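Trainee: I have a model open and want to learn how to read it. Where do we begin?

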Amino acid sequence: MLLQLSTWTEVEAYLGQSAGIIIPIGSTEQHGPTGLIGTDAICAEAIARGVGEATQAIVAPTINVGMALHHTAFPGSISLRPSTLILVIRDTITCLAKVGFTRFFFINGHGGNVATLKAAFAEVYATLADLNVANADQVRCQVSNWYMCGSVYSLAKLLYGDQEGSHATPSEVALTQYIYPEAIKQADLNPDVSKDHRIYGAADFRHRYPDGRMGSNPALATPEHGNQFYDLAVKELSNNYLEFLGAE
């Protein structure tokens, strides 16, 4: 059940059965010469929709732009500042909490969002309490990174080993190839790819990672691999979501 394709009466009826909602969040940033700029949002949204179908949960619109300031020296990358993203998440949850949602399950596709999400959750709890929102003390937020699912991580290591890397990875590229086979990209990739540098500002990032990859070889990706990653992530995160709903 997609929130944007529902009516308010349908959402009200849903709240009579469940107070949980899935919120996909990603990023709009470079993913190397063959990775789509929307990779992180595309992956999070597809998996969130799969989890929603499997668990009969409502799925909110995707937060497509995340915290990716270190990628902004590459054309096409868009980022919110951490303070801005915190406000986006706070205001989103506040609106939904006021009408009865109390379980907010974020399916995340971008590592750069994690610290900001956790800070946003602290802001949410304080804001709802300050506003005296009904059931504020019942609100719970959780972030689950699809790429860190145990089954996904194990398959990526099995398929790609050290060539999985940590950005513009073959696993995430494979998932986008499965979702959008018409948008598969090809490019010559230098096998001598940079890795293991600390991340500072955007200019420094581009200097250290000239083509945007971080130790990865996305040439190994296939749509068939992407199908496998999708199935594993949906299954594992569906179980996690149901556990989250039932937690005290």
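Mentor: Begin with one pair of residues. Ile22 has Val59 in S2 as its bridge partner. Keep in mind that this is a predicted model.

Trainee: What does such pairing rest on in general?

Mentor: Strands of a sheet pair through backbone hydrogen bonds, either parallel or antiparallel. Here, strand S1 (residues 20-25) and S2 run parallel, joined by two bridges.

Trainee: In what order do the strands of the sheet lie?

Mentor: The order is S2-S1-S3-S4. The sheet is open, has four strands and pairs in parallel.

Trainee: Which are the edge strands?

Mentor: S2 and strand S4 (140-145). Each of them pairs on one side only.

Trainee: Which strands does H3 lie across?

Mentor: H3 lies across S1, strand S3 (103-108) and S4. Its direction makes an angle of about 140° with S3.

Trainee: Take a residue of that helix, Thr94. Is Thr94 buried or exposed?

Mentor: Compare its relative accessible area with the cut-off: buried means under 20%. Thr94 has 9%, so Thr94 is buried. Leaving out residues up to four places away in sequence, Thr94 touches Thr127, Leu128 and Leu131.

Trainee: Now the core. What is the general idea?

Mentor: In soluble globular proteins, nonpolar side chains tend to be buried together. In this model, the largest nonpolar core has 56 residues. Ile22, Ile47, Ile89, Phe104, Phe106 and Trp146 have the most contacts inside it. Ile22 is the residue we began with, the partner of Val59.

Trainee: Which helix gives the most to this core?

Mentor: Helix H8 (residues 223-246), with seven residues.

Trainee: What does Trp146 contact, leaving aside its neighbours within four places in sequence?

Mentor: Its contacts include Cys43, Ile47, Val152, Leu175, Phe229, Ala233 and Leu237. Asn108, Gly109, Ser171 and Glu172 are also among them.

Trainee: Let us turn to a loop. Where is Thr62 found?

Mentor: In the loop between strand S2 (58-59) and helix H3 (82-98). Thr62 is buried, because its relative accessible area is 13%. Its side chain makes a polar contact of 2.6 Å with the side chain of Glu45. Glu45 is also among the residues that Thr62 touches, along with Pro24 and Ala41, if residues up to four places away in sequence are not counted.

Trainee: How many salt bridges are there?

Mentor: The count comes to four. Take Asp204 and Arg208, whose side chains meet at 3.0 Å, N to O. Both lie in helix H7 (residues 202-208). They are four residues apart, about one turn of the helix. Arg208 is partly exposed, with a relative accessible area of 32%.

Trainee: And what do Asp211 and Arg213 form?

Mentor: Their side chains meet in a salt bridge of 2.8 Å, N to O. Arg213 has a relative accessible area of 3%, so Arg213 is buried. Asp211, at 26%, counts as partly exposed.

Trainee: Which residues do shared partners join into one network?

Mentor: Arg90, Asp91 and Glu123. Within it, the closest N and O atoms of Arg90 and Asp91 are 3.0 Å apart. Arg90 is partly exposed, at 22% relative accessibility. Asp91 is partly exposed too, with a relative accessible area of 39%.

How values were computed. Residues numbered from 1 in each chain as written. Predicted model: local features only at pLDDT ≥ 70, side-chain atom pairs only at ≥ 80, totals over all residues. Heavy atoms only, no water. Buried < 20%, exposed > 50% of the residue type's maximum accessible area, 1.4 Å probe, protein only. Polar contact = N/O pair within 3.5 Å; in protein donor to acceptor, adjacent residues only side chain to side chain. Contact = heavy atoms within 4.5 Å. Pairing = 2+ DSSP bridges. Axes fitted to C-alpha atoms, helices over the stretch in contact; angles between N-to-C directions. Core = buried A, V, L, I, M, F, W, Y, C linked by side-chain atoms within 4.5 Å.
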